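Q: Hello! I would like a close look at one part of this protein, with some context around it.

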Amino acid sequence: MIRFDFGHAHAFLKDDALASAKTQAAEAFKKVQTKTGPGPEWLGWRDILANPNDALLNELDALATAIREEADVFIVCGIGGSYLGAKAVIDALGPFFGSKGPEIVYAGHHMSGRYLSELMAYLQQPKADGTSKKVYINVISKSGTTTETALAFRVIRKWIHETYQNPAKHIICTTSSAGGALNRIIDANGYKKFVLPDDIGGRFSVLTPVGLLPIAVAGIDIRALYYGAVSAYNEIELNPDDLLSYAATRLALYQSGKAMDMIASFEPELSGMGGWMQQLFGESEGKNGKGMFPVLLGYSTDLHSVGQMVQEGQRNMIETFLVADKPAGSVIVETEDDDADGLNYLAGKNFHFINNKAFLGTREAHVEGGVPCLSIHFDKIDEEHIGRFIYICEIAIAVYVYCLNENPFDQPGVEAYKKAMFRLLGKPGF
Ligand code: PA5
């Protein structure tokens, strides 16, 4: 299960402020359910859980299995909501080192020429046995026009066409049903295409082919992931209390003047989920001068970089801990005869025990320093729990942003940098 702990946040709130936020959150949830809030045409991420499409899961699974049997490298080419969800799940559930299936690499998520030139050199470098690498790419772009993704795809696609006899086998595209440059390229070349439904925005798309194909190619059980989200959906529809308490607590803290939400975890495998959450929250709530800035922190590493700021800087932040109650693995500290490093007091303890005490100690210190702390606990880190967490975050931010009287599903501000960049690049019409 996924469990919330509000005990270290509610102490910072007056009862009436929390009660009022809860009423607002309950009304906002009803608007989501009845499609009567802003952006009702963007609620398809709920519909796909109310009516799971097993045929699509089977199709994605079958293609992923075929790719896993053949590919050495699988490139996920996309930016923002088109890659962060897949990366988050793969980081959470894949191994830290090595992999049984193809190596998953990312492209199209920035415009670094050095990164792309090194990636191209790596793809061309033979394997240890002297044979060439078998490379597949999944280009993912809802609009089909995003510059970062389209530029990387142009370079990699050319190389694939020059390298393989049947290039179309190596290129899989995920985009909207129609429109955009990518659809023109797909039609002209006969590439395999998966559709991102029109009623689901990029950052809400991890449980569509956008996220599910790369996740399946990484060897992760997409049915368990998907049905974890379905369970969370069904349970919250029946009893939204905990979810509404989370949205309301976050709302009341924002209304009390907090400006930043530090999303922190002591588990490095959850840092990708934190990064996905950062985009989901940031793009959904940062509108018309409103919202809390979501900041991703990896502890205990970042306690040695920005820990000072969290402890004693401006008191304008809240902290949201992502906590793994049962780790997937651990190491026991052994006794040493001379105790030269002074660590024998930890002998017999496992790293999870120590890491957990670091979490508890950090939360205690930050609360004493004036930072309201929320915790989201994963009973364990597996497909089901990650699926549950995905839906919980999606519905929580939708409810919260409705309470701000904003549309959680658009991102008009992202266009500003593009316009200026296109003008500087001399793009026709800018
Ligand atoms: O959440 C979003 O909608 C954005 O982050 C998009 O996913 C991102 O801008 C990429 O857009 P596209 O998929 O059209 O290439």
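Predicted model: local features only at pLDDT ≥ 70, side-chain atom pairs only at ≥ 80, totals over all residues.

A: The largest share comes from α15, with 5 residues. In total, 29 residues line this pocket, and S143, T146, Q411, V414 and K418 are the ones that lie nearest its centre. Sorted by class, the lining holds 13 polar, 9 nonpolar and 7 charged residues. The volume of the largest pocket is about 660 Å³.

For context, here is the second largest pocket, with a volume of about 510 Å³. Its lining counts 23 residues, with I90, G94, P95, G98 and S99 nearest the centre. Here α4 (84-93) and β3 each provide at least two lining residues. By class, this lining has 12 nonpolar, 5 polar and 6 charged residues.

Strand β3 also leads us to the sheet. This is an open sheet of 5 strands with parallel pairing, in the order β3-β2-β4-β5-β6. Because β3 (103-107) and β6 (192-195) stand at the edges with a single partner strand each, one side of each is left without a neighbour in the sheet. From one strand to the next, the twist averages 20°. Helix α5 (residues 113-124) packs on the sheet and touches β2, β3 and β4, its direction making about 150° with that of β3.

Key:
Residues numbered from 1 in each chain as written. Heavy atoms only, no water. Pairing = 2+ DSSP bridges. Helix = DSSP H or I, 4+ residues; strand = E, 2+ residues; numbered from the N terminus. Axes fitted to C-alpha atoms, helices over the stretch in contact; angles between N-to-C directions. Contact = heavy atoms within 4.5 Å. 1 Å grid on protein atoms, 1.4 Å probe; cavity = no way out; pocket = protein on both sides within 12 Å on 5 of 7 lines; lining within 4 Å. Points joined across faces, edges and corners; volume = space filled by probe spheres on them. Nonpolar A, V, L, I, M, F, W, Y, C, P; charged D, E, K, R; others polar.
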